[in-house]
Amino acid sequence: MSRAPRLHPDGKTRCPWPGEDPLYVAYHDTEWGVPEYDDRALYEKLILDGFQAGLSWITILRKRDNFRKAFDDFQPEKIARYNEKKVHALMNDAGIVRNKAKIDGAISSAKSYLDIMEKGPGFSRFLWDFMDGKPKVNHFKTTASVPASTPLSMQISKELSSRGFKFVGPTIVYAFMEATGMVNDHLVDCHCHASCGKSQRKPRLKAR
């Protein structure tokens, strides 16, 4: 796959990684790199990035609605109370990634999230304080220049791990930072590079 930005039929230049997949292109244009400040949405993304470990993000993206249904719309208060019966049901749900360690990790991370919400400044504030509250804007020309992890992602990974979060290695954390706009890693020639840091993701409304 090309590591340079690519021009699409709609006349827009984008990072190369979404290819021509409509779902992936929409995610690239409207979500990836847009600063996210909603506590629960940040928890959801961290858990989904954990499920991505060893897989491609498009695999998780295609299953995201199934994950939301299976995991009670990623409400940490509910996930923290999951019992073995619920875990067994999840392990039999073909719509998600059936990995017991990752499912157990989501439960453990929910408990850690609730602890931060109850005793600390909140999950969003906890994460964004590492960035002094604003995104770091990078200016990479090709994906070959984009790091897999950074000293800061290692620091955040270590802090999350110490608080009981699972599947939060430095590489997963850096992917999470990119996705949630803590860092802007859209390539400089991508049409999203200049705009994504200027908008803030609104909390996703629950389906009624």
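This briefing walks through some aromatic contacts and helices of the structure above. The model is a predicted one, and it holds 15 aromatic pairs.

**Aromatic pairs around Phe 123**

- Tyr 113 and Phe 123 form an edge-to-face pair, with 5.2 Å from centre to centre and 65° between the planes.
- Tyr 113 belongs to helix 6 (residues 100–119) and Phe 123 to helix 7 (residues 123–128), so their pair ties together parts that are 10 residues apart in sequence.
- Both Tyr 113 and Phe 123 are buried.
- Phe 123 also pairs with Phe 126: the ring centres are 6.3 Å apart and the planes lie at 15°, so this pair is stacked. The cut-off behind that label is an angle under 30 degrees between the planes.
- Phe 123 and Phe 126 both sit in helix 7, where 3 residues, about one turn of the helix, separate them.
- Phe 126 is buried as well, because its relative accessible area of 9% falls under the 20% limit.

**Lysines over rings**

- Lys 45 lies over the face of Trp 57, at 4.1 Å from the ring centre.
- Another lysine, Lys 86, lies over the face of Tyr 82, and here the distance to the ring centre is 5.1 Å.

**Helix 2**

- Helix 2 (residues 39–52) has 14 residues, which at 1.5 Å a residue should span 20 Å; the end C-alpha atoms are 20 Å apart, so the two values agree.
- Most of helix 2 is covered, with 13 of its 14 residues buried.
- After helix 2 comes Gly 54, which has a positive phi, near 85°.

**How helix 5 and helix 6 cross**

- Two packed helices are described by the distance between their axes and the angle between those axes.
- For helix 5 (residues 84–91) and helix 6, the axes come within 10 Å and cross at roughly 135°.
- That angle makes helix 5 oblique to helix 6, because an angle has to be over 145 degrees to count as roughly antiparallel.
- The crossing of these two helices, helix 5 and helix 6, is right-handed.

Conventions: Residues numbered from 1 in each chain as written. Predicted model: local features only at pLDDT ≥ 70, side-chain atom pairs only at ≥ 80, totals over all residues. Heavy atoms only, no water. Phe/Tyr/Trp six-rings, centres within 6.5 Å; stacked < 30°, edge-to-face > 60°. Helix = DSSP H or I, 4+ residues; strand = E, 2+ residues; numbered from the N terminus. Buried < 20%, exposed > 50% of the residue type's maximum accessible area, 1.4 Å probe, protein only. Lys NZ or Arg CZ within 6 Å of the ring centre and 35° of its normal. Expected span 1.5 Å × (residues − 1). Axes fitted to C-alpha atoms, helices over the stretch in contact; angles between N-to-C directions. Parallel < 35°, antiparallel > 145°, perpendicular 65-115°, else oblique. Left-handed = near helix turned anticlockwise from the far one by under 90°.
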